[in-house]
Amino acid sequence: MEGSRPLGPKLFTVEAAQALLPLIRDRLSAFRAYRAQYDACRRELLVLRMVSSSGAAESSSDARALSEMEAREASLLKSMEQVQLDLLRSGCVPKSLRQGLVDFFALKDGCLVFLCWREGEDRIEAWHTLEGGFAGRQPLASFGPDGDSGERSPPLMPAPLPPV
């Protein structure tokens with residue numbers, strides 16, 4: 001397939017991950033706006049469903065409002081899912097859109113780790129092991145100069161042995 005990436009996670013240098021932060025900030029801002037509208041929609045749906053269950057006629061304005069609000073809810077949910085897809089397609093790993101946590105696969109001393117960014121930070125300031133999570137964050141200064149991982153992907157399995 002032309003233009004396709006190798007299988008496996010996209011690996012980032014610190015610089016490449018930093019360059020992606022404007023896009024990530026934009027998508028997180030969109031997610032927050034959709035989420036606020038979605039939460040308001042859900043509150044309104046709760047009321048409309050109570051009214052509808054109390055015997056409102058299907059042709060009533062409340063029933064029409066319920067139908068319209070359910071369509072709005074589905075649209076907002078789809079928009080929030082699209083934000084997550086946009087982020088995944090960029091190669092980063094959205095950990096929590098609500099908390100603004102995003103990770104980037106990178107190599108450190110030949111091991112796969114995450115560069116870690118949280119909304120509100122000016123730049124990527126930390127990294128952690130795959131298992132360490134946010135609680136295991138370490139300062140980026142301890143990352144070292146070997147984070148040049150570019151666009152390569154780590155092998156998913158060892159290379160086959162040559163024929164004997």
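**Aromatic pairs, fold and surface**

Author: Phe12 and Phe104 are both buried, where buried means under 20% relative accessible area, exposed over 50% and partly exposed in between, with a 1.4 Å probe and protein chains only. The model is predicted: local features need pLDDT of at least 70, side-chain atom pairs count only at pLDDT 80 or more, and totals for chains, interfaces and linings use all residues. Residues are numbered from 1 along each chain as its sequence is written, and side-chain values use heavy atoms, with hydrogens and water left out.

Reader: How many aromatic pairs does the count come to?

Author: Rings of Phe, Tyr and Trp (its six-membered ring) pair if their centres lie within 6.5 Å; planes under 30 degrees apart count as stacked, over 60 as edge-to-face and the rest as tilted. By this rule, the number of aromatic pairs is three.

Reader: Why does the pair of Phe12 and Phe104 count as edge-to-face?

Author: The ring centres of Phe12 and Phe104 are 5.2 Å apart. The pair is edge-to-face because the planes stand at 80°.

Reader: Which parts does this pair tie together, and how many residues apart in sequence are they?

Author: Helices (H or I, at least four residues) and strands (E, at least two) are DSSP runs, numbered from the N terminus. Phe12 lies in the segment before α1 and Phe104 in strand β2 (residues 101-108), so the pair ties together parts whose separation in sequence is 92 residues.

Reader: What is the angle between the planes of Phe105 and Phe114?

Author: Phe105 counts as buried at 17% relative accessibility, and Phe114 is buried with a relative accessible area of 4%. Their rings form a tilted aromatic pair, 4.6 Å centre to centre, and the angle between the planes is 40°.

Reader: What pattern does the protein follow along the sequence?

Author: The protein has two helices and five strands. Read along the sequence, they follow the pattern α-α-β-β-β-β-β.

Reader: Is Ser96 buried or exposed?

Author: Ser96 lies in strand β1 (residues 93-96). Its relative accessibility is 17%, so Ser96 counts as buried.

Reader: What percentage of the contacts between residues at least 6 apart in sequence join residues at least 24 apart?

Author: Contact means heavy atoms within 4.5 Å. Among contacts in the protein between residues at least 6 apart in sequence, the share joining residues at least 24 apart is 55%.
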